[in-house]
Amino acid sequence: MAAARRARAGDPRAGFRRPAAEPGPAVPQGLIRAARKSGQLNLSGRSLSEVPQHVWRINLDTPEEAHQNLSFGAADRWWEQVDLTKLILASNKLQCLSEDVKLLPALTVLDVHDNQLTSLPSALGHLENLQKLDVSHNKLKTIPEELMQLTHLKSLLLHHNELSHLPDGFGQLVNLEELDLSNNHLTDIPTSFALLVNLVRLNVSSNQLRNLPADISAMKSLRQLDCTKNYLETIPSELASMASLEQLYLRKNKLRYLPEFPSCKLLKELHAGENQIEILNAENLKHLNSLSVLELRDNKIKTVPDEITVLQKLERLDLANNDISRLPYTLGNLPQLKFLALEGNPLRTIRRDLLQKGTQELLKYLRSKIQDDVTSPDEEPPVTAMTLPSESRINMHAITSLKLLEYSEKQAAVIPDEVFNAVRSNPVTTVNFSKNQLNEIPARNNFLTSLPEEMEALTRLQIINLSFNRFKVFPSVLYHILALETILLSNNQVGSIDPLQLQKMDKLGTLDLQNNDLLQVPPELGNCETLRTLLLEGNPFRIPRAAILAKGTAAVLEYLRSRIPT
């Protein structure tokens, strides 16, 4: 080997230097030649205790074959080499990286996971093109501040190290999309994480975190957050405003309750097993329309609310090893549920042998118990001491099976309370109050998502209260009921309004849109001159700011008019 002979002779052009310490096996020249053509070099699993110098200088030194009197084919023209963009040094015995890493400024991927590194060179800050850095499974105790200069970095893997703190400047990594800090010794997270607005996946599991900064809610792109196995006792309420969140892992902490999730409309998986949660209530669940996995095993939950049936997309529900004594029978009506774990609960109404028969048999049993309470649709229910006087005129089958509440053709001026009481805990999605003489709809906590177009015929309707429902869009039929003076739509999920349509409603004096999902307020709303009361608090929009909202309706409308493009 010519290269080896020159190395022993001290030739300054030698391909690599052999230090006194045993460096491990040499890097075959064939790999180096291939790397010059492809821009990629994989040296994983070679028992290297240090990186040979000619690897760092691969784009600087004249190749060995250039000094030999050989004829080259077109494929071997060394002068056409490309810069090294990907270097994999994983699964070796490296204890440090040379500052010479800066000689590879074109690197986009550097993988040194599964070594014995105790520190990283500050020269990493020179790799301005680096997009992925994997230094996981090492023995790192600190991260150099210079690493914060890598503003093109998209993936940073630091898991399974010995980190106890992070640089405050972490927020400078503004293009970061994936950050794995799991299995370290972190006790807190820098508030500058709030600047990581492009972060999609954040893993801080298996650390020593006692709280999460509220600023974490500013990560508007975050889809996956893993906080498993920490010491969290509470979750900041601001977390509930993370509209992009799809997967949330809170297992193995010290949580006593779950937060509400009013803005987490995309949340598909919530894992909160092995905590100390005692209460699961309707407020925890009512906004989670997309949830497919709810894992709450090994807690101290005593009851399951009837409102769990709003989780219409739920596929897996794990309630094993809690203190649950009874289940809502309506659980059997969840259409997508494929897995239900209940073992380890003191259930009184379900036999143990039934639990062992599997999810489908269990759901079938729960549905049968619902049917026991439902009168056959073809016969009038008997009037008993427990039957409401008006219930004999209410189709209970429609309520429980079709989620339809019907009270039509009664020529009624108001809907009796008995009608609503008959609904009990059943989720209702459709209401038919047609062919009556209503001029007001009473306030109710329902599950309405839309209104029928036939309501346009209610030409004398002046007040409508649709608060605490499930409307995701402003009901379009309301734009056509020009007699409306008051529209109450608070505590829904309305995402937008049409100001031009509202301007046509020349009698509208009160519009309550508090606690919805409005991301912006259209400036043209300022032209609705008849509005005397406009309530917008509790929405995620940034403008108008809270200080302007506090000044009252007139000030808000004036501000909005000032923002109309000219």
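Modeller: Let us begin with the term itself: a salt bridge here is a side-chain nitrogen of Lys or Arg within 4 Å of a carboxyl oxygen of Asp or Glu. Please keep in mind that this is a predicted model.

Biologist: How far apart are N and O where the side chains of Arg297 and Asp318 meet?

Modeller: The cut-off for a salt bridge is within 4 Å. The side chains of Arg297 and Asp318 meet in such a bridge, with an N to O distance of 2.9 Å.

Biologist: Which parts does the pair of Arg297 and Asp318 tie together, and how many residues apart are they in sequence?

Modeller: Arg297 lies in the loop between strand E11 (293-295) and strand E12 (316-318), whereas Asp318 belongs to strand E12 itself. The pair therefore ties together parts of the chain whose separation in sequence is 21 residues.

Biologist: Is Asp318 buried or exposed?

Modeller: Buried means under 20% relative accessible area. Because the relative accessible area of Asp318 is 10%, Asp318 counts as buried.

Biologist: Which residue forms a salt bridge with Asp298?

Modeller: Asp298 is partly exposed, at a relative accessible area of 29%. In its salt bridge the closest N and O atoms are 3.1 Å apart, and the partner is Arg297.

Biologist: Where does Glu274 lie, and how many residues separate it from Arg251?

Modeller: Arg251 and Glu274 form a salt bridge in which the closest N and O atoms are 3.0 Å apart. This pair links distant parts of the chain, with Arg251 in the loop between strand E9 (247-249) and strand E10 (269-271). Glu274 is in the loop between E10 and helix H4 (282-285), and the two residues are 23 residues apart.

Biologist: Is His159 buried or exposed?

Modeller: His159 sits in the loop between strand E5 (155-157) and strand E6 (178-180). Leaving aside residues up to four places away in sequence, His159 touches Ser136, His137, Asp180, Leu181, Ser182 and Asn184. With a relative accessible area of 14%, which is under the 20% limit, His159 is buried.

Biologist: How many charged residues are in the lining of the largest pocket?

Modeller: The largest pocket has a volume of about 1,100 Å³. Its lining is made up of 35 residues, of which Ala240, Ser241, Met242, Ser263 and Pro540 lie nearest the centre. By class, the lining of the largest pocket has 12 nonpolar and 14 polar residues, and the charged residues number 9.

Definitions and conventions
Residues are numbered from 1 along each chain as its sequence is written. This is a predicted model: local features need pLDDT of at least 70, side-chain atom pairs count only at pLDDT 80 or more; totals for chains, interfaces and linings use all residues. Side-chain values use heavy atoms; hydrogens and water are left out. Helices (H or I, at least four residues) and strands (E, at least two) are DSSP runs, numbered from the N terminus. Buried means under 20% relative accessible area, exposed over 50%, partly exposed in between (1.4 Å probe, protein chains only). Contact means heavy atoms within 4.5 Å. On a 1 Å grid over the protein atoms alone, a cavity is a set of points where a 1.4 Å probe fits but cannot get out, and a pocket is an open set with protein on both sides within 12 Å along at least five of seven lines; lining residues have an atom within 4 Å of a point. Grid points are joined across faces, edges and corners, and a volume is the space filled by probe spheres set on the points. Ala, Val, Leu, Ile, Met, Phe, Trp, Tyr, Cys and Pro count as nonpolar, Asp, Glu, Lys and Arg as charged, and the others, Gly among them, as polar.
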